[in-house]
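Here are my notes on this entry. Please read them with the structure open.

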Amino acid sequence: MGLFSTIGDILTNRYFAAVFLAAVGVAVGLVVFFYAFPGKPKIGVIDIPYTVISEDSTFVITEYLDYARREDSIKAVVIRLTSPGGGAAASERLYIETRRLREEKPVVLVMNGLVASGGYMMSMGASHTFAQTSSLVGSVGVVSFSDPLIPPLPDESALSTGPYKLAGFDRQEWFSTVEELKESFAHIVISERGDKLRLSKEELTEARIYSGLQGVKLGLVDEFGGDGDAFAKAADLAGVSSYGLVDVNLEVFKKFFRELQDIVGSSERGAMSPEVVAMFGRNYTGEAPDLQNLQAGPDSSMESFTLLQRLAMYGRLGVDQVDPLPDFPMELNHPNFYYLYVGNGR
Amino acid sequence: MVARLVIFALLPTAAVVAFLIAFFAFYRGGYDAPPSPDLAFEQITTSSAPSRITQELPPGPARSGLLVVDAQHSNAFTENELVSFTSQVSDRGFEVEFVGDFTPVLDPSQLQPRFNQLADKLRQADSFAVILPQVPYSQAEAALVEGFVRKGGKLLLVSDPGRPQSINGLAKRFGVDFQADYLYNTTDNDTNFKRILIRDFQPDQITAGLETITLEYASSVQSSGGGVAFASPNTRSSVLETVGAFSTMAWGESRNVLAISDFTFMVPSNDSLLDNGRLVSNIADYITDSQRDFLLPDFPYFYSNAAEKVDILLGQSDLLSVGLDMKTGLTRRGTPSQISPSEDLSQDSVFLGLYADSGQVDQYLQTAGMRVDDTLGTPFVTELGLEGTAMYLLDQGQDRDMLVILADTPETLASAVGRMLSGEFRGDLLSDFLGVYKFVGAVQ
């Protein structure tokens, strides 16, 4: 009784109560700040190591950008990019998505090694860009491949409803289309760089590769710098003084992994649900994937991991593109306009 | 009561203060996204494609002759791509023949037959087109083409930096050097920097009526004969990286050799752009305007009046079998002939006789500076014994070619005609008009 009486006296003591309530208040305030709103600010880091931009890689990178945009705790984004570019439409999509992210959160892009052509187009969506003096940037231009000067005639068995139904356009229009894409690319760079750009359109569309040193001097890049500069700049633009880092790649992978586990089912680790078996179709060998092993990523599992990744991200779409139309007798050609730095001019 | 209220107010106050302290410790302000530039893609304009011209081309003069097109050296084009040009040549009365089948000769034993085939075609040809050979010409082949050009044959050399080719070994023999570059112009072009516009032409038959042509992918060409079509002054060379009035079409050492550094301009449908069609037409005019000399080594193609039969004249009636051999041989080579009892001075002819019959062709012998008596005298070799010998002589009149073959015996004559028809006689030639054959078998 004596102990309880003593505690009661302390609690009813007004000085102690004041200190206690103030401490609780501080705790509540900090809990609200850190766990409810707005939380400790974070800078999302998206790593894009040497990547040729394709439909697949664009899908994944767009997932990263979308995650960074939706995640409230991420107040700014740093993208570390190395890319020679790739497909024209895919590259432009990355530019659009980066620009969309920039309209909500500052995006600082670090040009590592090579950021050329479609990769450079993506960088135009960033709020600020850094490059090292030895980085290679630029290559504003288009690569395309046409039919021979006199294309082979379609087989007599092929019936189409217009002279351009099969080929799409004639050689002259192909030249014009390539030129339009070049103009469009240059227009994006000129619009985004504004007064900073010290190259004329004619010089820009010579599609030269510049060193980071030249790139900064010519206004193709904002500043020299690396990751630390990028984080500082991102924090500055976001208006945060102290921040944590979020590995966006990892977070998206975790998200994907959780979704995959949902698909596979948790009752028996590795046992695949009938739905997954159905999704695998003819590729399914009957052996359940070892998810633990997949996560570890031994080379032998990479192929099946990639397949799982595609299945999880696309469903069945794209998985069977090797022979998409089994009875179609003509070879299908992909659109072949590229914002790509090839390296040797061929 | 008030003190209690104050104490209880401490909790929210402390919470707010802690929240604000934390907030301002981490946040200095918000992100104020700068407005993104309005891209307004619809305002993008590209240089419009050149209007296609269906130009009424001047009709070419009707001529007869043969254009041979090289297809022996894995040439990097197809017959379909050349159809615009070959049609223009055919429209002018020329025949067009391809020598070879576009495949390389991999078997070394086939090299000599390939050479013989080329030699035979060039004996017939008035003009020769070498377009994008991927296999370089051998020294012997190049010498053959040189001989063809020396006789007045027209040679068209076409290169293109966009296709594999190995033409310079041959071209350099004629003073032409296709550069290992491509020309480009980033401001004055036909929808692409490599598609250059040519407006600067030297006044010439080959450039008549041309205002602007478009070359899809051209190199520069240097030539001792001088250029005839030049890129605009701000055009650059990919190798030299300098601006200049680069030549894309040039004469070789003589006007018998024309070099062009782009092939694609003559390919349908590029041949319908701007004045490209007119250029193709002009080249066809040039090719069919050959003044080639057909000489004794070109037997039997010096007989130019293909529509009329060649008269075979016999010095003696017992030489009929030799005459029939000659008739059969000429027919096999596409030259119709007939045994004729007497000389018609308006007809191409071949005279077959013995030295004893030399009086019948004395005028031709004298013109050539030859003498037949106890010995055979020629401008090159004097006092050659008659025994076991035969001689060939080509007399080219204004409208008539007369071939004279004389020998000491009917057997030697038969052997000489056999060498004539097999082509071995070319080893007996002393000049482009005269040959002497020593029948070794008869001497022994």
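1. Start with strand β10 (residues 227–231) of chain B. This is a predicted model. Five of the five residues in β10(B) are buried, so the strand is largely enclosed by the rest of the structure. The cut-off behind that: a residue is buried if 20 or more other C-beta atoms lie within 10 Å of its own.

2. What pairs with β10(B)? Strand β7 (residues 196–201) of chain B runs antiparallel to β10(B), and three bridges join them. Within this pairing, B:F201 has B:A229 of β10(B) as its bridge partner.

3. Strand β12 (residues 247–251) of chain B also pairs with β10(B). The sense is antiparallel, over three bridges. Here B:F230 stands opposite B:S247 of β12(B).

4. Turn to chain A. Helix α2 (residues 14–36) of chain A has 23 residues. At 1.5 Å a residue, α2(A) should span 33 Å; the end C-alpha atoms are 31 Å apart, which agrees.

5. Which residues of α2(A) are buried? They are A:G25, A:V26, A:G29 and A:F33. The buried residues of α2(A) pack against α1 (2–26) of chain B. Check this contact between the chains in the viewer.

6. A:T12 belongs to helix α1 (residues 2–12) of chain A. Is A:T12 buried or exposed? It has 9 C-beta neighbours inside 10 Å, so A:T12 counts as exposed; the limit for exposed is 12 or fewer.

7. One distance to note in chain A. A:T12 and A:V246 are 234 residues apart along the chain. Their C-alpha atoms are separated by 46 Å.

Notes. Residues numbered from 1 in each chain as written. Chains lettered and ligands numbered in written order. Predicted model: local features only at pLDDT ≥ 70, side-chain atom pairs only at ≥ 80, totals over all residues. Helix = DSSP H or I, 4+ residues; strand = E, 2+ residues; numbered from the N terminus. Pairing = 2+ DSSP bridges. Expected span 1.5 Å × (residues − 1). Contact = placed C-beta atoms within 7 Å.
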